[in-house]
Amino acid sequence: MSTENIAMLRCAAEYLEMTEEHSVENLVVRAESYLDEVALKSLSSSITVLHKSEELLPIAERVKLVSRCIDAIAYMTCQESQFCSPSSSNSGNNEVVVQQQSKQPVVDWWAEDLTVLRIDLFQRVLIAMMARGFKQYGLGPVLMLYAQKSLRGLEIFGKGMKKIEPKQEHEKRVILETIVSLLPREKNAMSVSFLSMLLRAAIFLETTVACRLDLEKRMGLQLGQAVLDDLLIPSYSFTGDHSLFDTDTVQRILMNYLEFEVEGVRLSNNGVDLAGDMERVGKLLENYMAEIASDRNVSLQKFIGLAELIPEQSRVTEDGMYRAVDIYLKAHPNMSDVERKKVCSLMDCQKLSREACAHAAQNDRLPVQTIVQVLYYEQQRLRGEVTNDSDSPPPPAAVLPPKLSSYTDELSKLKRENQDLKLELLKMKMKLKEFEKESEKKSSSSTISTNPSSPISTASMGKPPLPRKSFINSVSKKLGKLNPFGITPYNGRGRTKPPKDRRHSIS
């Protein structure tokens, strides 16, 4: 007898009815004594016996071999694990304990042995452990090892047709749904990357909606700890009309996060800075939008809907949103002006940095109204800095530090450029007015010349053209109007007749 064959021997003895009624110390008695004295005395041998009993059902259940192995495993794991606590008085401090354990994750040696069990027996073992006082948050490493081993081989990180048999797909779907039902409810008990992996597998295997929504809520609770790769969930759509990434799932995760923030579900004593956490989430979502913006299949409604969910207080600057908008406009060049205005309305031009303003002022993809707003707010910012500099007292030191001197040089340069732009704008306005006046004169002259019923035109046609006045005649006429000698003219024409003895020749 050994731990490898004791389960088979016990079930065979039961099937053949090899009891004491037929012979003394028959096989049933000998198998039972071996189980009690050897097999069920150690954790590894108990797991081995339980694993061998999976093929001997339902006889193994009838002889209570499965239940005895489960009780022995639960008892010994609770004796050896650090997560077992018989008293539940400190259950309110689970959050603090989970954070301490997450810093230094410890995987017990028996966790790897449990991964050989079938999912139904594995579930019964964990339930028996929790019934004996094993903390649920301590099941995280065990579930992680079991999921990594049982869900191995799934192509959940890319697109393509499913390369899995329907029977195997059903088995893995049951495994995944069972693992999700056993996940700890405490925050930080599982990492966000592990939850993201489970969510990708749930979408790929088409599990129940409740299973996927549970994983989305868990990710929303810990969204501040996520990285960009955790949100890049493939859509697993095998037609070319859909986007590469599942934006609807990310949108629901973000809505769960906002719901937790608003309702105050987060514990106040967990030591997490909510403002800093929200700022991290804002940067994460801006990077996610910049990543999906290059996809041509991302519709305008999805892009705007996801951007509108990002809270305003989480966006210190608008550089990330401007980057996402610029990438989206570049990937969708056939957008109308109205659509481009809608996309650009997602960002607040007042929160753009100087580098972003300089880039946006020369960006041809942006609408003209957006560029004007950027220039206006930048001018207001410079004007405010100038007034602040003039109101502030002069520094005591005569020599400025290099950073401040470079800042003042840059500020003066921007002022000069601003003045130059103003002058150029005035010149353009003057040229535009002159052009309008010339166009009005040309239009009026063309109308007069083309109108035959005008009395001016008929009178001018009857008279010969007047001789052109020379420059000397015009000057003499102006000098005569000055009348320096005060002689009043006696005729009505205002001219004095020249004397008769005036010489008409120049000697």
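**Reading the terms in this model**

Q: Why does Lys 52 count as partly exposed?
A: Lys 52 has 32% relative accessibility, so it counts as partly exposed. The scale calls a residue buried under 20% relative accessible area, exposed over 50%, and partly exposed in between (1.4 Å probe, protein chains only).

Q: What kind of model is this, and which residues count for local features?
A: This is a predicted model: local features need pLDDT of at least 70, side-chain atom pairs count only at pLDDT 80 or more, and totals for chains, interfaces and linings use all residues. Residues are numbered from 1 along each chain as its sequence is written, and side-chain values use heavy atoms, with hydrogens and water left out.

Q: What is the mean pLDDT of the chain, and over which residues does pLDDT stay under 50?
A: The chain has a mean pLDDT of 76, and 71% of its residues reach 70 or more; pLDDT is the predictor's confidence in each residue, from 0 to 100. Over residues 452-472, pLDDT stays under 50, and the model has four contacts beyond four places in sequence there. Residues 500-507 also stay under 50, with zero such contacts. A contact here means heavy atoms within 4.5 Å. Where pLDDT is low, the predicted coordinates should not be read in detail.

Q: What makes the pair of Glu 4 and Lys 52 a salt bridge?
A: A salt bridge needs a side-chain nitrogen of Lys or Arg within 4 Å of a carboxyl oxygen of Asp or Glu. The side chains of Glu 4 and Lys 52 meet at 3.4 Å, N to O, so the pair qualifies. This pair links distant parts of the chain, 48 residues apart: Glu 4 is in the segment before helix H1 (6-15), and Lys 52 is in helix H3. Helices (H or I, at least four residues) are DSSP runs numbered from the N terminus, as are strands (E, at least two). At 47% relative accessibility, Glu 4 counts as partly exposed.

Q: How do you know that Glu 14 and Arg 10 are separated by about one helical turn?
A: Both are in helix H1, four residues apart, which means about one helical turn between them. Arg 10 is buried at 7%, whereas Glu 14, at 28%, is partly exposed.

Q: What does the salt bridge between Asp 326 and Arg 365 tie together?
A: The closest N and O atoms of Asp 326 and Arg 365 are 3.0 Å apart. Asp 326 lies in helix H17 (residues 319-331) and Arg 365 in the loop between helix H19 (354-361) and helix H20 (368-391), so the pair ties together parts that are 39 residues apart in sequence. Asp 326 is buried at 12%, while Arg 365 is partly exposed at 31%. Elsewhere, salt bridges that share partners join Arg 10, Glu 14, Glu 32, Asp 36 and Arg 68 into one network. A search of the whole structure finds 15 salt bridges.

Q: Why does Ser 45 count as buried?
A: Its relative accessibility is 8%, under the 20% limit, so Ser 45 counts as buried. Ser 45 is in helix H3 (residues 43-53), and it touches Thr 3, Val 38 and Ala 39, leaving aside residues up to four places away in sequence.

Q: Which residues touch the most other members of the largest nonpolar core?
A: A nonpolar core is a set of buried Ala, Val, Leu, Ile, Met, Phe, Trp, Tyr and Cys residues joined through side-chain atoms within 4.5 Å. This one has 111 residues, and those touching the most other members include Leu 50, Leu 114 and Phe 122. Helix H11 (residues 192-205) gives the largest share, eleven residues. Beyond four places in sequence, Leu 114 touches Ile 47, Ile 73, Phe 122, Val 125, Val 142 and Tyr 146.

Q: Why is Lys 64 called exposed?
A: Its relative accessible area is 56%, over the 50% limit, so Lys 64 is exposed. Lys 64 also has a positive phi of about 60° although it is not a glycine.
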